[in-house]
Amino acid sequence: MKKVLSMFSVIALLSATAIGCGGGGQTAKEETIKIATQSPLSGNSATLGEAIKLGAQMALEENKEKFKQMGFNIELLPMDDQGDPKKGVANAQQIGADQSVLGVVGHLNSGVAIPSSVVYEKFKLAMVSPANTAIEITERGMKSVNRICARDDFQGPAAAAYALNDLKAKNIFVIQDKTAYGQGLADNFKSAAEKMGANIVGYEGITIGEKDFNGVLNQVAAKKPDLVYFGGLYAEGGILVKQAREKGLNIPIMGGDGLDSSTIVQIAGDSIKNTFYTSVAADVSKSPKGKEWADAYEKKFGKKPESFSFYGYDAMGVLLKGLEDAIKQNGNKKPTREQVMNAVRAIQDYEGVATKVAFDEKGDNKYAKVFIFKFDNQAYPGTLVGEKSKN
Amino acid sequence: MQEVLSTLPQVLIDGLILGAVYAVVALGYTMVYGILELINFAHGEIFMVGAFIGTAALLSFQTAGLLGAMPLWLSLLIVILISSLLTGLLGVGIERLAYRPLRTAPKLIPLISAIGISFLLQDIVRFIAELKTGNYIVTGPSLYVEKITIPFSSLWGGFHDVGFKANSLIVIGVAILIMIGLDLFVNKTKWGIAMRAVAQDRETAQLMSINVNKVIALTFFIGSSIGGATGVLYAQQYSTIDPFIGFILGLKAFTAAVLGGIGNIRGAMFGGLVIGMLEVFAASNLKVLTGGALGAEYKDVFAFMILILVLLFKPEGLFGQAVKEKV
């Protein structure tokens with residue numbers, strides 16, 4: 001009993017010192033404000049996750065000087081959610097407990113963002129998502145949750161419209177990877193395509209991490225569709241495309257923004273031709289402003305930007321704009337998390353490098369766009385073949 | 001039903017290729033179990049390491065410009081030999097470090113150390129791959145990619161044509177060679193007899209002046225090098241590998257070994273082919289057969305359902321003999 005008691009007193013003492021230190025920080029000249037990023041930095045989708053982190057890092061470093069003059073030192077707190085909901089929530093708890101964190105840029109996977117954002121909401125911590133497309137993300141009426149990209153109920157139908165109108169597909173086979181993202185996208189595509197009069201000849205699921213999709217592809221071959229739609233990520237998508245071509249299926253294969261990665265070209269190799277993907281992120285490097293940005297990115301990190309680098313950059317930009325507004329509203333003092341959260345939601349006129357941002361009452365971007373790309377040869381990114389805007 | 005029939009030739013071919021991979025990996029489980037009564041759960045990871053070594057070798061051939069300089073079969077042969085030699089040594093090393101010190105311990109203990117080794121190997125490979133390429137999903141060069149079509153539809157109008165890449169023939173061919181070679185080795189050579197003797201009764205074999213440690217090391221070497229060679233074939237067949245391919249594949253190969261009667265080499269081959277065929281059949285036809293209730297994503301359930309059924313009703317496996325209590 002004595003031992004337990006002494007343990008408790010030690011813990012109490014320690015936490016008291018910790019609180020004391022936190023209080024002590026107030027008097028320091030420069031206050032540290034941290035912005036966390038959460039994306040998979042390891043695992044199957046690390047290519048996309050790292051792009052988000054690096055984009056966000058770039059935006060933060062460009063704004064460092066501005067915040068320094070306002071008396072704040074802003075820092076990046078990169079977290080690895082591993083594309084795993086359990087890890088994402090654990091990280092979110094950790095981020096929430098760190099009082100110097102005033103915002104989160106993330107996540108990549110909707111399946112991770114949904115449970116993690118419950119934690120952010122609890123801490124009234126503003127989240128700006130560069131990549132989550134699941135409808136549910138903003139439909140739950142959370143004040144802290146925002147996204148700058150388009151939703152599945154916009155991306156899926158945009159793909160369906162392109163498949164039916166431009167590719168003249170009538171019989172479509174739908175494959176999805178059974179995740180919140182893949183299934184959500186595939187279902188939205190399917191219902192829109194059906195509404196437009198297409199015939200869905202098959203609907204199948206695959207398992208993440210598998211390497212042999214011959215079984216599903218045998219079914220595709222038997223049904224002889226004009227187009228295959230795949231809801232999922234590039235790791236499986238690349239293999240699926242490759243094995244489909246090996247089976248002699250030379251029909252167009254279409255997917256969502258989960259395929260928007262240079263790694264899919266590496267995996268599928270020459271087979272990638274005649275593959276389409278919709279993306280919520282534009283290939284901004286084509287515009288002069290974007291080109292300049294892309295060059296700066298490449299110089300800084302030694303690799304070419306992925307589409308999500310632009311969106312990571314813009315998501316961080318929006319968050320920092322919100323933070324700046326909140327600081328001003330608070331009389332140039334460190335704002336509370338709630339103030340930042342409200343300031344972020346109030347943003348109406350942010351001009352990013354990839355997209356213009358204005359949030360509606362749910363936290364969706366009013367200016368979100370969907371772009372359609374085609375791989376004509378073995379090079380990333382594909383050629384832009386279509387564009388659809390919300391407004 | 002018409003649909004099931006029309007894809008049947010293709011399903012059988014795909015199943016045969018996958019089954020051949022399972023069968024050869026299952027050999028590794030069965031050999032080790034036959035001798036030590038230890039389920040070497042790290043075997044799936046040895047297979048994975050083989051796939052990575054093979055891909056790394058091919059990639060370095062490519063950068064050195066050697067890939068075009070020599071005939072394709074020669075470079076494949078060299079890669080398979082490098083990979084099987086290294087994984088063979090890895091297998092012996094694992095046995096020496098993680099299993100031999102525990103040989104007299106209760107059976108659960110080496111099983112746990114096997115699982116530990118398998119996680120260790122996964123993370124080591126992941127670390128190296130990420131260090132070298134920045135991404136642990138690695139795509140290597142494929143050597144034999146010509147498409148082969150067998151016009152089954154001319155045989156009977158209801159069938160679809162069968163298409164596969166030339167590499168599949170190599171997978172099946174090498175797998176058959178390995179199986180025959182191993183069968184001959186175990187049944188005809190002196191070392192094979194020693195292995196069977198150790199499997200039957202370790203103490204008595206020792207009394208008959210058999211060097212038990214050497215025989216066990218040899219078993220690990222052969223089983224692991226076969227696993228490594230299969231890894232290379234797998235990497236060639238599916239061209240994309242990651243450090244986690246060994247886990248599920250290892251479990252299925254283990255199921256194949258149990259189905260055929262664990263410890264029985266011919267049983268492992270048979271079990272592997274059955275599981276491979278069944279898996280592809282399930283993935284292709286579940287939707288049709290269940291009227292849309294179950295989809296292709298449930299294919300793995302079948303392999304493991306078989307494992308449970310076999311363990312419940314015929315624990316010695318289809319080819320195994322029930323062990324009689326020694327009196």
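**View 1. A nonpolar surface patch on chain B of the predicted model**. In this predicted model, the side chains of Leu120(B), Ile124(B), Phe127(B), Ile128(B) and Leu131(B) make up a nonpolar patch on the surface, and together they present about 530 Å² of accessible area. One of these residues, Ile124(B), belongs to helix α4 of chain B, which covers residues 108–133. With a relative accessible area of 41%, Ile124(B) counts as partly exposed, because this class lies between the limits of under 20% for buried and over 50% for exposed.

**View 2. Helix α4 of chain A and its kink**. Helix α4 of chain A runs over residues 110–122, and its 13 residues reach 18 Å from the first C-alpha to the last, close to the 18 Å expected at 1.5 Å a residue. After α4(A) comes Lys124(A), a residue whose phi is positive, near 50°.

**View 3. The buried residues of α4(A) and their cover**.

**View 4. Ala97(A) and Phe123(A)**. Ala97(A), a residue of helix α3 in chain A, is exposed, with a relative accessible area of 56%. Although Ala97(A) and Phe123(A) stand 26 residues apart along the chain, their C-alpha atoms are separated by 8.5 Å.

Definitions and conventions: Residues numbered from 1 in each chain as written. Chains lettered and ligands numbered in written order. Predicted model: local features only at pLDDT ≥ 70, side-chain atom pairs only at ≥ 80, totals over all residues. Heavy atoms only, no water. Patch = residues over 30% accessible without salt bridge, like charges linked within 9 Å, V, L, I, M, F, W, Y side chains within 5 Å. Areas by Shrake-Rupley, 256 points an atom, 1.4 Å probe, with all protein chains shown as cover. Salt bridge = Lys/Arg side-chain N within 4 Å of Asp/Glu carboxyl O. Helix = DSSP H or I, 4+ residues; strand = E, 2+ residues; numbered from the N terminus. Buried < 20%, exposed > 50% of the residue type's maximum accessible area, 1.4 Å probe, protein only. Expected span 1.5 Å × (residues − 1). Bend = angle between axes of the 7 residues up to and from the residue. Contact = heavy atoms within 4.5 Å.
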